[in-house]
Amino acid sequence: MKLNRVVMAVALCALVTVAAYAADLNGTWIVKQPGRDGTTTDRTYTFKVDGKTLTGTAPGRGGADIAIKEGTVDGDSFAFTVERPGRDGATMSVKYTGKISGDTITLSTEMGGNAVEMKGERKK
């Protein structure tokens with residue numbers, strides 16, 4: 001009976017450790033954004049996690065950073081919104097979803113009506 005409790009406690013600690021590591025988005029990430037001609041461009045994202053809240057910046061036009069809004073983290077999944085300037089002074093909200101695995105992230109969004117998936121790595 002005591003052995004079962006010890007095994008369960010060790011398994012729980014291991015699970016919590018893996019979950020905490022999997023959700024470590026903190027830091028700077030270099031994401032390869034595909035272009036129309038098949039080439040990729042490196043884009044820099046910065047993330048800060050506080051509990052289940054995600055803040056940080058996403059790349060904007062002309063090298064300006066844009067604040068992440070409505071950011072959430074749930075295990076190895078995360079999501080956020082970026083408000084970008086649109087046409088005629090309007091604002092476009094672009095939603096991103098992602099997954100983290102160690103030092104690699106996958107970001108998904110929609111650009112020009114097309115689903116786009118981007119891969120990135122933690123900047124070291």
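Biologist: Which residues does Asn 26 touch, not counting residues up to four places away in sequence?

Modeller: In this predicted model, Asn 26 sits in the loop between helix H1 (2-22) and S1. Setting aside residues up to four places away in sequence, the residues that Asn 26 touches are Phe 47, Lys 48, Val 49 and Arg 122.

Biologist: How far is the backbone nitrogen of Val 49 from a polar atom of the side chain of Asn 26?

Modeller: Val 49 is among the residues that Asn 26 touches, and the C-alpha atoms of Asn 26 and Lys 48, 22 residues apart along the chain, are separated by 4.6 Å. Between the side-chain polar atom of Asn 26 and the backbone nitrogen of Val 49, the distance is 2.6 Å.

Biologist: Is Thr 28 buried, partly exposed or exposed?

Modeller: Thr 28 belongs to strand S1 (residues 27-34), and its relative accessibility is 25%. Buried requires a value under 20% and exposed a value over 50%, so with 25% Thr 28 counts as partly exposed.

Biologist: What is the C-alpha to C-alpha distance between Thr 28 and Lys 124?

Modeller: Leaving aside neighbours within four places in sequence, Thr 28 has contacts that include Glu 121, Arg 122 and Lys 123. Thr 28 and Lys 124 are 96 residues apart in sequence, and their C-alpha to C-alpha distance is 8.3 Å.

Biologist: Which pattern does the chain follow when read along the sequence?

Modeller: The chain contains one helix and eight strands, and 28% of its 124 residues count as buried. Read along the sequence, the pattern is α-β-β-β-β-β-β-β-β.

Terms used: Residues numbered from 1 in each chain as written. Predicted model: local features only at pLDDT ≥ 70, side-chain atom pairs only at ≥ 80, totals over all residues. Heavy atoms only, no water. Helix = DSSP H or I, 4+ residues; strand = E, 2+ residues; numbered from the N terminus. Buried < 20%, exposed > 50% of the residue type's maximum accessible area, 1.4 Å probe, protein only. Contact = heavy atoms within 4.5 Å. Polar contact = N/O pair within 3.5 Å; in protein donor to acceptor, adjacent residues only side chain to side chain.
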